[in-house]
Amino acid sequence: ERFAGGGEGLGKMFAGLSEIRVNEQITELITTFPQAKVVAGTPKKISLPVKSAVPGGVTVLIVLPREYPKAVPTVSVAPANLAHPWLQPAAQGKPAGTLWHESMLRHYYEHDEKALVKLVGSLLETFKGVQQNQQGQGGPGPRGAAGAGSGAGRAAGNVQAGVQGLDINYDDVKRDVLKLSDDELIKLLTDKEAYAQYLANMKELSNMGSSIKELVQQNQVLAESSLEKRDQIADVKNQIAIIRSTEVQEVKNKYEALAKEHNTILSSINVNNLKEKLAEAAGEADDASEALSQKLLDKGISVEAFVDEYCKSREVYHKRTMVLQSLDH
């Protein structure tokens, strides 16, 4: 019973150490990638926005299963219609947008404090230049000359690049560009001042000042949030350091003391004496079951009581016999 209690305590200790290791990995991830966010709930989930050419952006979701770090994290991406080599086909029991590659198995999740950092680093590397499948490519409308049509497409593309992030109807912008003459298009493509003047006179850009101000405010909020996370991360690191220096060390000392006591007891045991005592105890259990049988024949015990006591006695006998046989081998 003493050692059984010690084993239960050791199990809790190792479970606590595993939880600390996982929290350390998450802390390192948030420190390295401030845009990462831990989603509340069980199992642990980490949301990571990724810069890409996909409109609306890409979000990677890393789910740490209950068995983590012994089990590999599950990674998925939204939107799911990306042209990415790691994207798995939809299947039963597998969410849309699931990512998988054999390189995910190379990280030492159980022992490496930066395992999640390395996983996210490899994911970000593979998302460079990723595109959506069936992405709309708006081409120029019908024009009299092929060169003029091509110039209109490039000019519209320049307009899109210049106002990226603003709430603009690009179809209206493209329609206005297509109304320009060939000479006007050539001037827009070759004269930077004319191009800047054209942009300044566009009605779609009349609210640019307020939009820029709004973006600046959003960036300020994001920066303040990042600073708050930095303080939280420092606080979590301090807590981990305290746990390491107090609770973990105390449990480790108890474990080493129990292990030493266990080895001392085992070294003091004489195997031959132990076998003799086990043989005697097995014989006593066998005699007790035989006595019960005789008692039943003499009608000194009820059938129900006999069955209960007899089964217990035979169970003890067989357990002791099996231990004795294991010592012989």
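1. In strand 5, T98 is the bridge partner of S76, and strand 5 runs antiparallel to strand 4 (residues 74–78), to which two bridges join it. Strands here are DSSP runs of E with at least two residues, and helices are runs of H or I with at least four, both numbered from the N terminus; two strands pair if DSSP finds at least two bridges between them.

2. The model is a predicted one, in which local features need pLDDT of at least 70 and side-chain atom pairs count only at pLDDT 80 or more, while totals for chains, interfaces and linings use all residues. Residues are numbered from 1 along each chain as its sequence is written, and side-chain values use heavy atoms, with hydrogens and water left out.

3. The sheet is open and has five strands, which follow the order 1-2-3-4-5 with antiparallel pairing. Its edges are strand 1 (37–39) and strand 5 (98–99), each of which pairs on one side only.

4. The count of salt bridges comes to seven, where a salt bridge is a side-chain nitrogen of Lys or Arg within 4 Å of a carboxyl oxygen of Asp or Glu. One of them is formed by R244 and E24, whose closest N and O atoms are 2.4 Å apart; this pair links distant parts of the chain, with R244 in helix 7 and E24 in helix 1 (residues 2–32), 220 residues apart. R244 is partly exposed at 45% relative accessibility, whereas E24 is buried at 10% (buried means under 20% relative accessible area, exposed over 50%, and partly exposed in between, with a 1.4 Å probe and protein chains only).

5. E28 forms a salt bridge with K114, and the closest N and O atoms are 3.1 Å apart. Because E28 lies in helix 1 and K114 in the loop between strand 5 and helix 2 (115–126), the pair ties together parts that are 86 residues apart in sequence. E28 is buried at 12% relative accessibility, while K114 is partly exposed at 41%.

6. A salt bridge also joins the side chains of D308 and K312, at 3.6 Å from N to O. The two residues are four apart in helix 9 (residues 303–328), so about one helical turn separates them; D308 is partly exposed, with 40% relative accessibility.

7. Finally, L266 lies in helix 7 (residues 208–268) and is partly exposed, with a relative accessible area of 48%.
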